[in-house]
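Thank you all for coming. Today I would like to walk you through one structure, going from a single pair of residues out to the way two chains meet.

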Number of protein chains: 2
Amino acid sequence: MAKNAIVGQSGGPTSVINASLAGVFESCKRRGAGKVYGMLHGVQGLLERKVVDLSGKFPTAMDIELLKRTPSSYLGSCRYKLPDWDTPEGEPVYEKLFNLLNALDIGYFFYIGGNDSMDTIGKLADYGAHVGSDIRFMGVPKTIDNDLMVTDHTPGYGSAAKYIGVVMKEIIRDATVYGTNYVTIVEIMGRNAGWLTAAAALAKAEDCEGVDMICLPEIPFNVDRFVEKVRRMQALKPSVVIAVSEGVKLEDGRYVCELADDVHAVDAFGHKALTGTARFLANTVARTLDTKTRSIELSTLQRCAGHITSRTDITEAYQVGGAAAKAAFEGHTGEMVALKRISNAPYQCTTELHPISEVANLEKKVPLEWVNETRTGMLEPFISYALPLIQAELTPIYVEGLPHHIYQPD
Amino acid sequence: MAKNAIVGQSGGPTSVINASLAGVFESCKRRGAGKVYGMLHGVQGLLERKVVDLSGKFPTAMDIELLKRTPSSYLGSCRYKLPDWDTPEGEPVYEKLFNLLNALDIGYFFYIGGNDSMDTIGKLADYGAHVGSDIRFMGVPKTIDNDLMVTDHTPGYGSAAKYIGVVMKEIIRDATVYGTNYVTIVEIMGRNAGWLTAAAALAKAEDCEGVDMICLPEIPFNVDRFVEKVRRMQALKPSVVIAVSEGVKLEDGRYVCELADDVHAVDAFGHKALTGTARFLANTVARTLDTKTRSIELSTLQRCAGHITSRTDITEAYQVGGAAAKAAFEGHTGEMVALKRISNAPYQCTTELHPISEVANLEKKVPLEWVNETRTGMLEPFISYALPLIQAELTPIYVEGLPHHIYQPD
């Protein structure tokens, strides 16, 4: 009797994470898995026995197409860190998890996520080896942040980068319309790595002058120097458009958004949210220079804009899902599928496997040699790197004027 | 010798305002106008002799296609109110304008804009009649706000409404991903009229539960009642998504965003910007209820998202431009082209002419009988009204992964 497979999604959603789910699902079915289960809300949901049988959920090829085009995690997500298994509080958790997996007759376990999710895969694989389980645990990379080690890039990044390129072009158009002095500061996601903010550089083309400044979290930020740069830029052109990472930090390590004195940054649980950086800077510029300003937060739209995805990204997201299933069926465990770029022109990319230990809990930042001398723009190597990842589109299926999605499981 | 035409764009940009420009341009050429000039930055630019000859700017049909697909005002815009012509400070302005128009041998004058822009057309036509000028002045409607009288709807609204429907679906997907308590408040443009905020109701479909609350500026707002409604909603479902107009006002007439105590609302010129409503409400909800919150401002993206337009809207924007040219060549002046809906199923719409006095400086609000009993949602008549306006798409022309635009004139 064929073993069953189970798949979960974890961490922040992307607009292509369901393409990876489709890749895992179809590849498992094709390789003869029994049932394919989905964890609702990742491992956290699994611990609460929130599991759904996906086997009959996508009966037609059209369902798979809709799944690929549906943004945000179809199965729901979680931000749950497994305790270490060799601790008193950890052991019962793993016992419970493996009992659940064995009761479902699971042979193959897939987790689609970023650095934290790979930590989960690593711990489960370790515990599995410790107890002699034959379940294979495979990681499927996913994050708009593009901050995973060993993989050339992460599925989710290309579509988010494309979204940012598209909307920056539109924001620049909008901001120049009155020909008046105007400073627009756009806040982009990325707590420690500036890959997404750097994507604002893609807006520059023969039909667009591009953004005037890019502020990465990798570069220490100085508010006075920033304002002075804006002043000098605006002496040359009235409309200045700036892309700033939500995670820019002062030299003393504080986040710039912590300088804002309003209540924005603390939610009911006391969590400090990284938001308000652009607003703080826009207010500071308005007060200091004689100019109108506007701050724009791209917010969750940059990770879930299913209406404008990169076909390259969707295709690769599907591929890494399929490659993970292939590897698991071939006996691999405790590894993550990575994307390996073969060439840039023409763009060619394949997959390879890496031990989870090379990925979990590590972060890949933007190489500083890809940043220009003034630390406010990206050099050609970044453009060559990122441009192939935003190529081509996957048209949404429009129903009654809006993109149609597949409905979520209960 | 054929007279020349001149065309300007005024007020806030939209993603289809250039389709109206294309309509005016092509129709003028076809009807035998001499040259077609463009005012840069509207009447304000014209007064500074900032005029460009458009005649050779769009040599191929491809250029017209690009123009139609280029968001924001190709000619630039202004927010300039002409003084009354029968006043001491007004008369020299009109003399200068008409001297400029006569020097360019203008016979046809087109202004693409909203209520304020129609005020300009009205004044110019009046003054023209007063001095016996034979220049014809025609208004071409444009505004995402949909607040113009006499026209069934305004070009620009359909695309903005479609954008709002699309992103609300995506925001709702994103917000449910963790299955945790979460209140998302989305701020939508519209100072006095709630047409755009109402468009959030379009997100509801068989694949989307829709938004949970819609707050129009037409309905007096009470913060305590709002928080209490959110509390009751969240008792039934963890993720609550709310669409709120930037222009919601308290019973005493103050804008809700004025309750926020940070500096956001005043720019260097002392203008109070209507922004921060969603943030204020999200902070208030987070403080009062035990829940995480997020505020999202759709900001300028909702008016300039050229990557997701309604084909119906683009087609109608082009048509009203052409109809204005036709009317001017047939001798009409001091009028605006309006859209007249013939039927809903199938959707059919034609154009008609109205005197500017029926439009200028007036505002059309959302009928209160289209709002539900609890004043927090839209009824079926609104859906029937708005749904035809967001139908079909005009695919952007993608170059190197991003929508290509026509470059702006100098």
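This is a predicted model: local features need pLDDT of at least 70, side-chain atom pairs count only at pLDDT 80 or more; totals for chains, interfaces and linings use all residues.

Taken as whole strands, β1 of chain B, residues 4–9, and β2 of chain B, residues 36–39, run parallel and are joined by three bridges. As for the side chains of β2(B), V36(B) and G38(B) point one way while Y37(B) and M39(B) point the other way, and all of them are buried.

These two strands belong to an open sheet of seven strands in chain B, whose order is β3-β2-β1-β4-β5-β10-β11 and whose pairing is mixed. At its edges are β3, residues 51–53, and β11, residues 347–355, each of which pairs on one side only. If we ignore direction, neighbouring strands in this sheet are turned against each other by 25 degrees on average. For those new to the topic, strands of a sheet pair through backbone hydrogen bonds, either parallel or antiparallel.

Let me move now to chain A, which is divided into domain 1, made of 4–144 + 306–360 + 392–403, and domain 2, made of 157–302. The C-alpha centres of these two domains of chain A lie 33 Å apart, and the contact between them takes nine residues from domain 1 and 10 residues from domain 2.

Chain A also has an open sheet of four strands, in the order β7-β8-β6-β9, with parallel pairing. Here β7 (213–215) and β9 (292–297) of chain A stand at the edges with a single partner strand each, so one side of each is left without a neighbour in the sheet. The twist from one strand to the next averages 15 degrees. Three bridges join β7(A) to β8 of chain A, residues 239–245, and these strands run parallel; within β8(A), I242(A) is the bridge partner of M213(A). Helix α6 of chain A, residues 157–175, packs on this sheet by touching β6, β8 and β9 of chain A, and its direction makes about 165 degrees with that of β6(A). Another helix, α8 of chain A, residues 223–236, lies across β6, β7 and β8 of chain A and runs at about 150 degrees to β8(A).

What about the interior? In the largest nonpolar core, which has 136 residues, the members that touch the most others are I164, V186 and A200, in chain A and in chain B. Looking at V186(B) and leaving aside residues up to four places away in sequence, we find that V186(B) touches, among others, M168(B), I171(B), I242(B) and L298(B).

Finally, how are the two chains related? A rotation of 180 degrees, with 0.0 Å of shift along its axis, superposes chain B on chain A with an RMSD of 0.0 Å, and that is the relation of a two-fold axis. The same surface serves both copies, in that 100% of the contact residues of chain B recur in chain A. The contact takes 59 residues from chain B and 59 residues from chain A. On the side of chain B that touches chain A, elements that each supply at least two residues include α6, α9 and β9 of chain B, and the largest share, nine residues, comes from α6(B).

Terms used
Residues are numbered from 1 along each chain as its sequence is written. Chains are lettered from A and ligands numbered from 1 in the order in which they are written. Copies are superposed by least squares on the C-alpha atoms of residues with pLDDT of at least 70 in both. Two residues are in contact if their C-beta atoms, placed from the backbone, lie within 7 Å. Two strands pair if DSSP finds at least two bridges between them. Axes are lines fitted to C-alpha atoms, for helices over the stretch in contact, and angles run from 0 to 180 degrees between N-to-C directions. A nonpolar core is a set of buried Ala, Val, Leu, Ile, Met, Phe, Trp, Tyr and Cys residues joined through C-beta atoms within 7 Å. A residue is buried if 20 or more other C-beta atoms lie within 10 Å of its own, exposed if 12 or fewer, and partly exposed in between; C-beta atoms are placed from the backbone. Domain bounds come from an automatic or database domain assignment.
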